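Here are some notes to go with your first look at this one. Have the sequence and the 3D view open, and take the points in order.

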Protein chains: 4
Amino acid sequence: MTAPILTEAIFTLTTGPVNAYPDVMRALSMPIMYDYDPYFLQHYQHVCQKVHSIMHTQEMPLILHGEPVLGLEAAAASLIGRDDVVLNLVSGVYGAGFGEWARRYCKELLEIRVPYDQVVDATMVEEILRLRPDIGIVCVCHHDTPSGTLNPVVEIGHVVQQHGALFLVDAVSSFGGMPITPAMAHADVFVTGPNKCLGCPPSLSLVAVNHAAWEKIASNPSAPRDSILSLLDWRYAWQCDHPFPFTPSVAEINGLNAALDRYLAEGETQVWARHALTAQACRAGLKAMGLSLWAADEAFASPTATAVNVPPGIDEAQLRATARARFGVVFSAGKGETLGKLTRIGHMGPTAQPMYAVLALAAYGGAVNALSTTQLDIGAGIAAAMAIIGSDRTPVV
Amino acid sequence: MTAPILTEAIFTLTTGPVNAYPDVMRALSMPIMYDYDPYFLQHYQHVCQKVHSIMHTQEMPLILHGEPVLGLEAAAASLIGRDDVVLNLVSGVYGAGFGEWARRYCKELLEIRVPYDQVVDATMVEEILRLRPDIGIVCVCHHDTPSGTLNPVVEIGHVVQQHGALFLVDAVSSFGGMPITPAMAHADVFVTGPNKCLGCPPSLSLVAVNHAAWEKIASNPSAPRDSILSLLDWRYAWQCDHPFPFTPSVAEINGLNAALDRYLAEGETQVWARHALTAQACRAGLKAMGLSLWAADEAFASPTATAVNVPPGIDEAQLRATARARFGVVFSAGKGETLGKLTRIGHMGPTAQPMYAVLALAAYGGAVNALSTTQLDIGAGIAAAMAIIGSDRTPVV
Amino acid sequence: MTAPILTEAIFTLTTGPVNAYPDVMRALSMPIMYDYDPYFLQHYQHVCQKVHSIMHTQEMPLILHGEPVLGLEAAAASLIGRDDVVLNLVSGVYGAGFGEWARRYCKELLEIRVPYDQVVDATMVEEILRLRPDIGIVCVCHHDTPSGTLNPVVEIGHVVQQHGALFLVDAVSSFGGMPITPAMAHADVFVTGPNKCLGCPPSLSLVAVNHAAWEKIASNPSAPRDSILSLLDWRYAWQCDHPFPFTPSVAEINGLNAALDRYLAEGETQVWARHALTAQACRAGLKAMGLSLWAADEAFASPTATAVNVPPGIDEAQLRATARARFGVVFSAGKGETLGKLTRIGHMGPTAQPMYAVLALAAYGGAVNALSTTQLDIGAGIAAAMAIIGSDRTPVV
Amino acid sequence: MTAPILTEAIFTLTTGPVNAYPDVMRALSMPIMYDYDPYFLQHYQHVCQKVHSIMHTQEMPLILHGEPVLGLEAAAASLIGRDDVVLNLVSGVYGAGFGEWARRYCKELLEIRVPYDQVVDATMVEEILRLRPDIGIVCVCHHDTPSGTLNPVVEIGHVVQQHGALFLVDAVSSFGGMPITPAMAHADVFVTGPNKCLGCPPSLSLVAVNHAAWEKIASNPSAPRDSILSLLDWRYAWQCDHPFPFTPSVAEINGLNAALDRYLAEGETQVWARHALTAQACRAGLKAMGLSLWAADEAFASPTATAVNVPPGIDEAQLRATARARFGVVFSAGKGETLGKLTRIGHMGPTAQPMYAVLALAAYGGAVNALSTTQLDIGAGIAAAMAIIGSDRTPVV
């Protein structure tokens, strides 16, 4: 067993796992409590109530004890029954991936697919819902992270609601970093996690299910029960006098609690504003260096991640390796269809601070320049970013 | 959102979640790394190799990213196919629960059921295997924690191996605290977790699958793929050049790494010895106080937990509440059929220290005496425990 | 550089350094702030205000940045001038040691010395003050830890106040664990630290100086200035618009802050009660085992530490080594004149929990029995302790 | 007791207290050990041996339990006797401050004083030593942090050695961040601390004393004994069979141990290189923005801190407040004579990473631009810094 030869990165500016806030890290190291100790039972209920408070739902959201891929698979398995016609909206790798789960459980799967640098238009959804009134469930990924793009879930949700279908939204990497809640999206099932914009490590899912969706799930014979994939099992587990279906992740609950306290203390508006400002500064800088965003239209680029096109002639993996080796900065690669074509710079939780945009620009530009004969004007990039940051009137801290 | 009114327990002597070792707690608070950062990829491989090293398997064991109930459900779902005749051995609540999963996936489920204060005899298994040569899979819970009893998996495994069936062992709360490994048990699939005797928080599973079981799983059309329940998805994920099926629980991996380092440094023999000594001292003390063990025969009481019968006339919940309120000590309740009948005292990981037996005896005896007119002789109990501890020649630390 | 061959102790039941509370340990790992950052300036002021609040003084107490030996030396150097006649009260090693500092700074040093298992009577002080009206300063150690005995500072303070002298009290290992404050003791200078009953690591002193003492110090030409020994330098440093004389111990301030929050949340009465109960249980047990306390009269044995006489024929160092090796329990040795004669069991901060008395009795008794032919009745000892603990009506937690 | 209204800074780029390394922060939260526990005694000796190893001395250096101002005052008090003629070299606030201590203990104090943007030339020292052969001790501050300048201690040390005087060097904020050791400086007493370039919180001093200096101290009747100011008391305390004069700062020792492990693992050459590169990049950037260094000659600007002149018409305090409020970056003010005239950017320990120079430039430039009508060209500054960083061939991590 040899010791690791590589050292840790200095700056992790990825789209997840992201750095955790310092108080979250400390909370993870609290003594481990027995899950049925009255203190923990009460603590767990308080944590759920704080999740409730930040998600602004009527029903109590669930905490599931696996990273958000569990929340998504469980939501698909629970909501979608053998008789359902499902419309899945695909503008990226995650949207497409969700379709595989939906297909597994439904009677018929329909999909709207757009190029991965585009997003799905609400009018397209409206049209297909008109043509296929039997569509009972519509699914969408809000922020398709491998593309850094945001589907217009507010508009789509309105259309789906008018149609009377159930709306399942994957908001894993947008919730907590921008103005989006289950109610805003008219979502019946809304899946997110603490490991992106809330600044926790990956290991938990947060799932909001409204009354209509609970009715559907409860009447779905194929909805998992006695399973890690079950939403039903956890429905009332937040109540301190209800048993847990299985042992909750005690340390991660402590971390989540600290993240929620911080989010509530800072205030969602302020949290969202620093995510937006960081993204805006980052993009102004990239463009000033002559680089282009992956998103066909910046209007739907996410405030929580910036996907930038790799300049021609440069190997994307080598670009990230260079940024890490020379500057200590780690970025995220693309994924699936976007792998090798773009690099992703995260603006999530603790890294949603405008000055990290400056760091990102310097490291990304520096890495490009190290690998290319054409030299980017890093100074111009950072000047553009600083003009955005400097003109903001909100104190950073 | 009101603050918790209850305070934390002083001593958590439960059967899980158990206290984590201090170095595990600190490791949980390490900076969160990007899962595809080369440092983390290498780190993850090293952690898997250490798991390999402590499980003494030929194949590389899997880390699954949910507490062991995930490992068990995934093992059932992966190994058991629609054509399989399965023999499930039931000597307690967990064994019975596993039967529900087995039934979900198999063609026919057979069970040997014994009273929950008994264990399954290998000759009974031999007999039924002779009668039903079509049994292809045998499942057993090694330490059925709600009863504190150990099925004789070494003997049963031998019988199953002779028969040619696959053997699936739940060793969640025994592995790491006593001499048991997949090879010792002749297990083809062996499920455990770091959250019991290894002294980590609950959130991960460890699953050892041998060559024969991988063959069976790979050829099982109903084995989950693209699912949190999939073993196949994670088969090669330990290799640092293989992608993760989804994001691993970075913080928990860091905690596990610290637990493995400690286990390897202390040495399994020494770790097992202190679990055994703690249990032995605890039982000598309980008996000297006139209390009785749940296990019909102490020979099959687990070294990792002691289940003690509640004295007549005392409410078990009130007993634990008294131990907590007066003495700051938290014990585990029974579960299902054993709930209310017994109390469980954990000897796992950091609490597998003989002096915790003394604490447990004092708190348990003190709580009984507070609720009863007949008074236990606590002094006699502790004297008996100390006689065991004091006669041991292994230094505690 | 070889790795340590010894392992950590399991239970540290010493008279200091004591275990820190878990929240104190976590607070120590907070990000380090710049001392002149406005956040830290405000934080430091808040911490001082909390110290103020728990010491119940009129003037703001000082935090000095070294363990309490610094506070004591600084107090001696600051208060005692070349023209002062000082009366030092000696009932133990620490009282005697303070005399050395007092002698260094004063014109004439008088001492009342009693055997180290006795304490100084207030009438003796009254007598000598009557005989020597020129005595301007009286010094005493409240809890002389190496003897585990408490001088009657309330009565002595009253006498000193009547006389008109200044009264300097070393309350390092009593404050925070029993009902004693500067006002109760009529103390003009009162030195303590967070590293005993408040449950912090050693590294800071807390010094309360009242108006009269500040006047004396300010007019003392030999009082240190521009020195780590200066009280004057730090007088106003608690105010967030005053500079620090030198860099404060940022991490330790964070730890202290957590300890103060805990102390205030639990409430001093409750904290003191659990110290007292732990000591009472410990002593009842020792006596029931046939052991004797060092203190000539249990009435002046401290609730924060129990000094027990080593049974004849046993080597004290070997006794502690045995307790550690066999039972994982670490006790404190005596010091100076008491070294080898007694063992000290701490009841301070997190170990001031009655059940630690049980642990201590078992380990101490077990170690004696391992080294002696006459065998102590450990059961009787613990039964006696449990009778005390069990009859208490205050919930432990 | 109101809650703090200010939030924590995002980036602390000060000259101390500096951020601690993450592993140092975790080490601070280890369980607190009894100082006389054999494990701690051995641990303390190991830590001392590691200090020895990084200081490259013959004699074992001392750890003193207070931040380096204690080390300096103790060194002055111990080394300088009533019969000594002392030459103190003053090129800044700290050098001048040391003179006050020297004056307190010596017979006659001579000083060479240069403007605070200059450093002392070795030939000046040579000259005065020739004129005053009775000078027995020469004192200098290597890196006078409030000026960010380095006195040429190697050359001065050579001259002092030739003369036969003892040489006392304050290397608090240079050691560990650049090639300087007691031997390189021909220092007889060399004072530093873990809280600057080693990346620990402030609370300890490291003092190297060579044989000649120990002889002098041992024969100095006014050298403190039985005092926190004593070097003699701690001379042999590193040996695990020697008592501590008073309780060491257990948590801080654990933090130091982690810092030493990291320093040794990374290697001093690599550590020094990243300090130098960060400073070089920072300065290139400042100059490219049209700003000027405080140091009259960049050749003697320290690699561990950059002191930059405040542009005319700008209030320095307001400048730092703006950098904090808008960009989340905290810098250090000047001190004493340099207060208000310059801002200090630290490159110490964890912030000695070139990319922090980029952050510093952006924040400093942004703050100037926010307060001034003349606008700095931030882009040009960062381009210049990146040209330095990008041309370096050493991997950052």
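**Notes on the sheet, the rings and the copies**

1. Let's start with one residue in chain A: Asn309(A) stands opposite Leu342(A), which belongs to strand 14 of chain A. Keep in mind throughout that this is a predicted model.

2. Now zoom out from that residue to the strands around it. Strand 11 of chain A is joined to strand 14 (residues 342–346) of chain A by 5 bridges, and the two run antiparallel. They belong to an open sheet of 3 strands in chain A, with the order 11-14-13 and antiparallel pairing.

3. Which strands stand at the edges of that sheet? They are strand 11 (305–309) and strand 13 (332–333) of chain A. Each has a single partner strand, so one side of each has no neighbour in the sheet.

4. On to the aromatic rings. Over all chains, the structure holds 44 aromatic pairs. Take Tyr34(B) and Tyr36(B) as an example: their ring centres are 6.2 Å apart and their planes stand at 70 degrees. Planes over 60 degrees apart count as edge-to-face, so that is the label for the pair of Tyr34(B) and Tyr36(B).

5. Are the two partners buried or exposed? Tyr34(B) has 5% relative accessibility and counts as buried, because buried means under 20%. Tyr36(B), at 29%, counts as partly exposed.

6. Tyr34(D) and Tyr36(D) form an edge-to-face aromatic pair, with 6.2 Å from centre to centre and 70 degrees between the planes. Tyr34(D) is buried, at a relative accessible area of 5%, while Tyr36(D) is partly exposed, at 29%.

7. Back in chain A, ring pairs build a cluster. Its members are Tyr34(A), Tyr36(A), Phe40(A), Tyr44(A), Trp234(A), Phe244(A) and Phe246(A).

8. Finally, how are the copies arranged? Two copies of a chain are related by a rotation about an axis and a shift along it.

9. One last point on the contacts. Of the interface residues of chain C, 97% are also interface residues in chain B, so the copies meet through the same surface.

Terms used: Residues are numbered from 1 along each chain as its sequence is written. Chains are lettered from A and ligands numbered from 1 in the order in which they are written. This is a predicted model: local features need pLDDT of at least 70, side-chain atom pairs count only at pLDDT 80 or more; totals for chains, interfaces and linings use all residues. Side-chain values use heavy atoms; hydrogens and water are left out. Two strands pair if DSSP finds at least two bridges between them. Helices (H or I, at least four residues) and strands (E, at least two) are DSSP runs, numbered from the N terminus. Rings of Phe, Tyr and Trp (its six-membered ring) pair if their centres lie within 6.5 Å; planes under 30 degrees apart count as stacked, over 60 as edge-to-face and the rest as tilted. Buried means under 20% relative accessible area, exposed over 50%, partly exposed in between (1.4 Å probe, protein chains only). Contact means heavy atoms within 4.5 Å.
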